[in-house]
Amino acid sequence: MDNAVIVREAHVAYLIGLGDDALILGQRLSEWCGHAPSVEVDLSLANLGLDLIGQGTLLLAHAAEIENGGRDADALAFHRDELDFLNCLLVEQPNGDFARTMARQFFFSTFQNLLYGALTASSDSELAAIAAKAVKETEYHAGLAREWVIRLGDGTEESRRRMIDGLEWNWRFIDELFVNDAVDEAMIETRIGIDRAKLREPFDLIVAQSLAEARLDLPAQHRPVTGGRQGKHSEHLGHLLAVMQHIPRSFPDARW
Amino acid sequence: MRDVLCDVPDPEIPAISVVELGIVRAIERSPPTVLLTPTYSGCPATLVIEQAVRHALDHAGFGEVGIRTVLSPPWTTDWISDAGREKLKAYGIAPPPRGASMSSLRNREAAACPRCGSAATHEVSRFGSTPCKALWQCEDCLEPFDRFKCH
């Protein structure tokens, strides 16, 4: 296989990974629709989900375009199996209570905002344009989630206990966000992608400052759990996909 | 062609046109193409806007004109025209301040109530009924109102 083909395959996998992260978390957040603690929070979570699904659509459409294999964004979203999804484990984790959802959002949006910020310099001009659009949205997400971490962490005894639990639950999935795999290495070389490891320091700084403001400690170190970006998922993803994919799979090509 | 587009309302805020909202980025001559840009990545109105523009162009005899979506540079609330800002206000939506896109996304400055003009207002919810708006309330007339998010 010549080098151009290898690079193109890595390029497609890279975009699918980024798109899956956004799509899966968008789907997770949509589960809150009608169930959030207040109507304002309900609107906020639905809006975050909407932004993420929009970003996922743009990224998967671009992946399909590069792949040039007859699939479009919908085919990638609705007609792939669990093992073909390349999202990180963090985004597929169940919502838990509101505190756990906001802890997950705080970690992911903070990371994603740094990631998109760096990707605005991508040598892939379409990816750079998507990132420049999305980074304005994720800054808003990260700010909202950060405020909830502080409000719950520095709130009542009960809200504080729940936020500590939420941060603990999600913490073991954080290392995966900053590991460069073979796809990342190929993308760094072509300057399409960015070095994830370099995002760790600014991420840790924001987390440390925010938790200090919330009067919370950093979660204890767990053995990191990784593998989502290689298609090795937790049991939760299959259940999410069953809900997300069942209509397009049961009624292929249905239109409304 | 611009005149035709000036009569195409935004589907979610019909008080202003797609031109006033700043999402008609350019009109190219050859080949004749209208360039549109989304306000938000996930804005559900994007497709409806494209259809409305298509319909208006077809109706005015510009059936050959193409429509293309462009993302870069990303849309900002600074592209909302002055006339658009006035219409938003008259419609009950506090327009974003000028230069808002250059500063933080958060609306730290209080918005003037679009009904009574009072500056004593506060944010009720960071998100509102559409991706581009937040929910605010006036402390004088007590009316809730939408505010265009700085973006």
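In this predicted model, Arg126(B) forms a salt bridge with Glu147(A). The closest N and O atoms of the two residues are 3.0 Å apart. Across the interface of chain A and chain B, one salt bridge is found. Polar contacts were also counted. Seven residue pairs, both members at pLDDT 80 or more, are in polar contact between chain A and chain B. On the side of chain A that touches chain B, helix 2 (39-67) and helix 6 each supply at least two residues. Helix 6 of chain A gives the most to that side, with 13 residues.

The size of an interface is often given as the accessible area lost when the parts come together. Here, chain A and chain B bury about 2200 Å² between them. Carbon and sulfur atoms account for 62% of that area. In chain A, the most area is lost to chain B by Lys133(A), Lys136(A) and Tyr140(A). Together these residues make up 37% of what the chain A side buries. The contact takes 23 residues from chain A and 22 residues from chain B.

At its start, a side-chain oxygen of Asp124(A) reaches to within 3.1 Å of the backbone nitrogen of Glu126(A).

Salt bridges within chain A were considered next. Over all chains, the structure holds 21 salt bridges. One of them joins Arg146(A) and Glu213(A), with the closest N and O atoms 2.7 Å apart. This pair links distant parts of the chain. Arg146(A) lies in helix 6 (residues 125-153) of chain A, and Glu213(A) lies in helix 9 (residues 200-213) of chain A. The two residues are 67 residues apart. Arg146(A) counts as partly exposed because its relative accessibility is 21%, and buried means under 20%. Glu213(A) is also partly exposed, with a relative accessible area of 45%.

A second pair lies within a single helix. The side chains of Arg161(A) and Glu158(A) meet in a salt bridge of 3.0 Å, N to O. Both residues belong to helix 7 (residues 157-171) of chain A. They are three residues apart, so about one helical turn separates them. Arg161(A) is partly exposed, at 41% relative accessibility. Glu158(A) is partly exposed as well, at 37%.

Asp181(A) forms a salt bridge with Arg229(A), the closest N and O atoms being 3.7 Å apart. Asp181(A) lies in the loop between helix 7 and helix 8 (182-189) of chain A. Arg229(A) lies in the loop between helix 9 and helix 10 (236-250) of chain A. The pair therefore ties together parts that are 48 residues apart in sequence. Both Asp181(A) and Arg229(A) are buried. Elsewhere, salt bridges that share partners join Asp97(A), Glu158(A), Arg161(A), Arg162(A) and Asp165(A) into one network.

Definitions and conventions:
Residues are numbered from 1 along each chain as its sequence is written. Chains are lettered from A and ligands numbered from 1 in the order in which they are written. This is a predicted model: local features need pLDDT of at least 70, side-chain atom pairs count only at pLDDT 80 or more; totals for chains, interfaces and linings use all residues. Side-chain values use heavy atoms; hydrogens and water are left out. A salt bridge is a side-chain nitrogen of Lys or Arg within 4 Å of a carboxyl oxygen of Asp or Glu. Helices (H or I, at least four residues) and strands (E, at least two) are DSSP runs, numbered from the N terminus. Buried means under 20% relative accessible area, exposed over 50%, partly exposed in between (1.4 Å probe, protein chains only). A polar contact is a pair of N or O atoms within 3.5 Å; within protein, one must be able to donate a hydrogen and the other to accept it, and residues adjacent in sequence count only if both atoms are side-chain atoms. Contact means heavy atoms within 4.5 Å. Buried area is the accessible area (1.4 Å probe) that two parts lose on being put together, summed over both.
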